[in-house]
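Here is a short note to read beside the model. Please keep the structure open as you go through the points.

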Amino acid sequence: MQNYNKKLITKNYMPFLLSDKNDRSKKIRSLIKKQIETTTIKKSKIIIVIGGDGFMLQTLKKYKKLNKLFYGINSGNYGFLMNKFSSKNIIKNLSQAKMISISPLEMIVKNKNNQIRKSLAINEVSVLRQSRQAANLSISYGTKQIIKKLIADGVLVSTPAGSTAYNLSVHGPILSLNSKKLSIAPISPFRPRRWKGKVVNDKLKITITNLNPSKRPISAVADNLEVRNAKSIVVKTNNKIKFNLLYDSNRSLQKKIKIEQIRKEVN
């Protein structure tokens, strides 16, 4: 096995270490600090994020203006956006990690009081019924109407990175990371019952309108930020923002997506 120069690697990388508060995260953080010299967030090139996918999503949004590299270490459950921790190989994995750049969705919501809320979504924007009654929605792509009236529990707009998350659970398609596509997938559609959704190019905006906001209220959720009583939701890819994620060479995000595609085909 090749020997790596610890001092050289830590000098080149000088990461900032960030973790959530669970016990496993704290243990991993302690092990890393024994091996790698860390620095402040301003001086760092890499932010090592220890936690689950939710913590990574929060971190990416919080530090989106800093133009850093993010290396995730999973201490949660699945950790699709994260890497598996190896105390023995942490320096090697960091030195050989490959970068993937992804752009988030931008959600612009107008509520029943005509107030505007904006938020970013790295995985998906979820539009969900807010009461016991199904939502009545109209969906457009650019100037073209995709569906005049959808009666359903809701609808998802997913990025390629998010297509293996909630989108997959509602039987949406898995998108290749470099596809420049978005998935529009219904949640428990009632009418039209056989509508399976649509895959569209990520260049134009998607507009979702609540056809009956007074009797059938809906919520719009960007990853984990919720806006209630939405009248209209505009979703578009914000290509001006790039999140640079680092993955171990043998567990890239593309490989994870391909594995999920194979699993879906088998099942």
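1. Start with strand 1, residues 16-19. Phe16 and Leu18 are buried on one side, and Leu17 and Ser19 are buried on the other. Buried means under 20% relative accessible area with a 1.4 Å probe, protein chains only. In a regular strand, side chains alternate between the two faces of the sheet. Strands here are DSSP runs (E, at least two residues), and helices are H or I runs of at least four, numbered from the N terminus.

2. A word on the source. This is a predicted model: local features need pLDDT of at least 70, side-chain atom pairs count only at pLDDT 80 or more, and totals for chains, interfaces and linings use all residues. Residues are numbered from 1 along each chain as its sequence is written, and side-chain values use heavy atoms, leaving out hydrogens and water.

3. Which way does strand 2 run beside strand 1? The two are parallel, joined by 4 bridges. Pairing requires at least two DSSP bridges. Leu17 stands opposite Ile48 in strand 2. Between the strands the chain passes through helix 2 (residues 23-35), and this β-α-β crossover is left-handed.

4. Now helix 3, residues 53-62. Its buried residues are Phe55, Met56, Leu57, Thr59, Leu60 and Lys61. Their cover includes strand 1, strand 2 and strand 16 (243-247). Contact here means heavy atoms within 4.5 Å.

Conventions. Buried < 20%, exposed > 50% of the residue type's maximum accessible area, 1.4 Å probe, protein only. Right-handed = clockwise from strand over helix to strand, strands pointing away.
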